[in-house]
Amino acid sequence: MANAPKTTKQKKDGGKSSGIVFASLSIIICFITGFLIWNFVMGDPSNFIDGNRDNQPLPGNYAGMVYKAGAVVPVLIGEFLMVFVFAIERFIVINRASGTGNVGNFVRKIQQLINGGNIDAAIAECDKQKGSVANVVRSGLLKYKDSSLDPDVDSEKAAIAIQKEIEETTALEMPMLEKNLNVLATLVSIGTLTGLLGTVTGMIRAFAALATGGAPDSAQLANGISEALINTATGIATSTFAIVFYNILTGKIDKLTYSIDEAGFSIVQTYAANHK
């Protein structure tokens, strides 16, 4: 917000910088790990005839088949790992933001306490709950308490001040929950497109085997078709998991946002009703 305190802006900027560092390192590490898995696990000589990676995979050896699917595979493995890394990281952050107890029960308890005029008890409940939701509600309650103790304060201006305090704290706490979700959203499309790239390269190899003079090279034809199918399957799997995790996480964030709005509305309305 334009009127937010400087300290708030500095904290947001610091969180943004740390988020960029985490995202960058995670992406690099996932791609490196994907290459290592493809090269040393899938490409282990024991997966191939006569222990030679230049030969065909052993019958029924899927690891060797994946290795033979081409250089696009390690990129897809890296993207697949990224889906789980960023999803797990967001689940941890969102669970911390929810606090120690059920958010719905917490909001209902806060509403009961402020309706009964027990502001101190509501603040204590926020300290017990912890997390981003409790922090936002606590800031509004503290402003409520300060305004109630000042007999000269204008009730309408005080209600606006309470609302502003809640909005400013929300601007500090909530955007952190959506950080890195754009990576998952990007992987939804990138996974499919990368898989399609591998499909195209595999089909090129298959048609090249058919184009040779005389009898087609059956080994190259099989490798080309295998490359196309494996890359397609891996790309679809990456996009599928990314979509599922993205929708689950955005649903959790929407629930937290609604809880904050509900509690904030109750605080402002209660103050306005009690200080007419």
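Rings of Phe, Tyr and Trp (its six-membered ring) pair if their centres lie within 6.5 Å; planes under 30 degrees apart count as stacked, over 60 as edge-to-face and the rest as tilted. By this rule Phe80, Phe84, Phe91, Phe241 and Phe245 make up one aromatic cluster. This is a predicted model, in which local features need pLDDT of at least 70 and side-chain atom pairs count only at pLDDT 80 or more, while totals for chains, interfaces and linings use all residues. Residues are numbered from 1 along each chain as its sequence is written, and side-chain values use heavy atoms, with hydrogens and water left out. Helices (H or I, at least four residues) are DSSP runs, numbered from the N terminus.

**Aromatic pairs**

- The count comes to 11 aromatic pairs.
- Phe22 and Phe86 form an edge-to-face pair, with 6.0 Å centre to centre and 80 degrees between the planes.
- This pair links distant parts of the chain: Phe22 is in helix H1 (residues 6-42) and Phe86 in helix H3 (residues 72-98), 64 residues apart.
- Phe22 has 31% relative accessibility and counts as partly exposed, whereas Phe86 is buried at 0%; buried means under 20% relative accessible area, exposed over 50%, and partly exposed in between (1.4 Å probe, protein chains only).
- Phe80 and Phe241 also form an edge-to-face pair, at 5.7 Å centre to centre and with 80 degrees between the planes.
- Phe80 lies in helix H3 and Phe241 in helix H10 (residues 218-274), so the pair ties together parts that are 161 residues apart in sequence.
- Phe80 is partly exposed at 25% relative accessibility, and Phe241 is partly exposed at 33%.

**Packing of H4 and H5**

- Helix H4 (residues 103-115) and helix H5 (residues 119-129) pack at an angle of about 165 degrees, and their axes are 8 Å apart.
- The axes are lines fitted to C-alpha atoms, for helices over the stretch in contact, and angles run from 0 to 180 degrees between N-to-C directions.
- H4 and H5 are therefore roughly antiparallel to each other (angles under 35 degrees count as roughly parallel, over 145 as roughly antiparallel, 65 to 115 as roughly perpendicular and the rest as oblique).
- The crossing of H4 past H5 is left-handed, meaning that the near helix is turned anticlockwise from the far one by less than a right angle; clockwise would be right-handed.
- On the H4 side, Phe106, Lys109, Ile110, Leu113 and Ile114 meet Ile119, Ala121, Ala122, Glu125, Cys126 and Gln129 of H5, where contact means heavy atoms within 4.5 Å.
- By class, this contact has 8 nonpolar, 1 polar and 2 charged residues (Ala, Val, Leu, Ile, Met, Phe, Trp, Tyr, Cys and Pro count as nonpolar, Asp, Glu, Lys and Arg as charged, and the others, Gly among them, as polar).

**Positive phi in loops**

- Asp50 has phi near 60 degrees, a positive value in a residue other than glycine.
- Asp50 sits in the loop between H1 and helix H2 (62-67) and is exposed at 72% relative accessibility.
- Lys130 has phi near 65 degrees, again a positive value in a residue other than glycine.
- Lys130 belongs to the loop between H5 and helix H6 (131-149) and is exposed at 53% relative accessibility.

**Leu229**

- Leu229 is placed in helix H10 and counts as exposed at 57% relative accessibility.
- From C-alpha to C-alpha, Leu229 and Lys157 are 65 Å apart in space, and they are 72 residues apart in sequence.

Key. Helices (H or I, at least four residues) and strands (E, at least two) are DSSP runs, numbered from the N terminus.
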